[in-house]
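Biologist: Before I take any label in this model at face value, I would like to hear what stands behind it. Could we go through the charged side chains together?

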Amino acid sequence: MEMKKRISLELRNRNPAEVAELVVDNCRSSDGEVEGLTDDYTGLEILSMVNVGLSSLSKLPSLPKLRKLEVSDNTISGGLDALAEKCPSLTYLNLSGNKIKDLSTIEPLQNLKNLKSLDLYSCEVTALDDYRDGVFELLPQLTYLDGFDEEDNEVPDSEAENEYFVLDEDDEAGPPGDDDDDDDDDEDDEEDEEGSEGDEVGLSYLMKEGIQDEEDDGDYVEEDEEDEEEEEDGDEDGAAVQGEKRKRDADDEGEDDDDE
């Protein structure tokens, strides 16, 4: 499929300015140039054009927000001057598998002040004796070359997963999302503290309610006992009165017999 048609399909009826990532790997450029991209892609941050037959980047449009550019496995042999002008925010560039033969070819990348990671795997330039030292000397802004820093330390996993760096307000490179994670952690801690306090209050409330219920039950028991005692006293008094009445009745009957 031609690159121009592929880009049109990837657009999916969106406004070009809304597209942040565009992948058109393994399509075909008819003349070795970038086709189908325009200056309208003002929000594009990630562009991948792997194995599309590119021999030049001279027709790359202005992409002010582009941070990651993948153009590996093409036939690019020079013409990197356009990158500094058209992609000033570029932090990651993959030129692996291209026709880069000497250090002078990548010299224009000096003007990419934000460039932190560069890959040149399988390029002829990597066979030079002073390859790594030469690249780091030529491009002092670089942090990683072919996945390793100047001290041969491999890219940390957190950064390797992203494969590019996000610039913060101070223009210092760092993995994206760290600040957001910290904020989320703080919010979680606050929620945990509030939850703990709520549990303590709830427990105290339930305990208090339980104690009150027990006291109320005790009151009911005491009242019931008092009622029972009153009933017993009443029964005793009633029996005494009834006995006294019987005695009087018997006396009265005796008096009546005497009179007769």
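Biologist: What makes you say that Asp 149 is buried yet has no salt bridge?

Modeller: Buried means under 20% relative accessible area, with exposed over 50% and partly exposed in between (1.4 Å probe, protein chains only), and Asp 149 is buried by that rule. A salt bridge needs a side-chain nitrogen of Lys or Arg within 4 Å of a carboxyl oxygen of Asp or Glu. The nearest side chain of opposite charge, Arg 132, is 5.8 Å away from Asp 149, where Lys and Arg count as positive and Asp and Glu as negative, while His and the chain ends are not counted.

Biologist: What does the side chain of Asp 149 reach, and which residues does Asp 149 touch?

Modeller: The side chain reaches the backbone nitrogen of Asn 153 at 2.7 Å. Leaving aside residues up to four places away in sequence, Asp 149 touches Arg 132, Phe 136, Thr 143 and Tyr 144, a contact being heavy atoms within 4.5 Å. Asp 149 itself lies in the loop between strand S6 (144-145) and helix H5 (157-162); helices (H or I, at least four residues) and strands (E, at least two) are DSSP runs, numbered from the N terminus.

Biologist: How much trust do these values carry?

Modeller: This is a predicted model, in which local features need pLDDT of at least 70 and side-chain atom pairs count only at pLDDT 80 or more, whereas totals for chains, interfaces and linings use all residues. Residues are numbered from 1 along each chain as its sequence is written, and side-chain values use heavy atoms, with hydrogens and water left out.

Biologist: How many salt bridges does a search of the whole structure find, and what links Arg 6, Glu 10 and Arg 12?

Modeller: The search finds six salt bridges, and Arg 6, Glu 10 and Arg 12 are linked in a network of them. Arg 6 pairs with Glu 10, their closest N and O atoms being 3.3 Å apart, and Arg 12 meets Glu 10 at 3.6 Å, N to O. Arg 6 and Glu 10 both lie in helix H1 (residues 3-11), four residues apart, about one turn of the helix.

Biologist: Why is Glu 10 called buried, and why is Arg 12 called exposed?

Modeller: Glu 10 has a relative accessible area of 19%, so Glu 10 is buried. Arg 12 is at 58% relative accessibility and therefore counts as exposed.

Notes
Polar contact = N/O pair within 3.5 Å; in protein donor to acceptor, adjacent residues only side chain to side chain.
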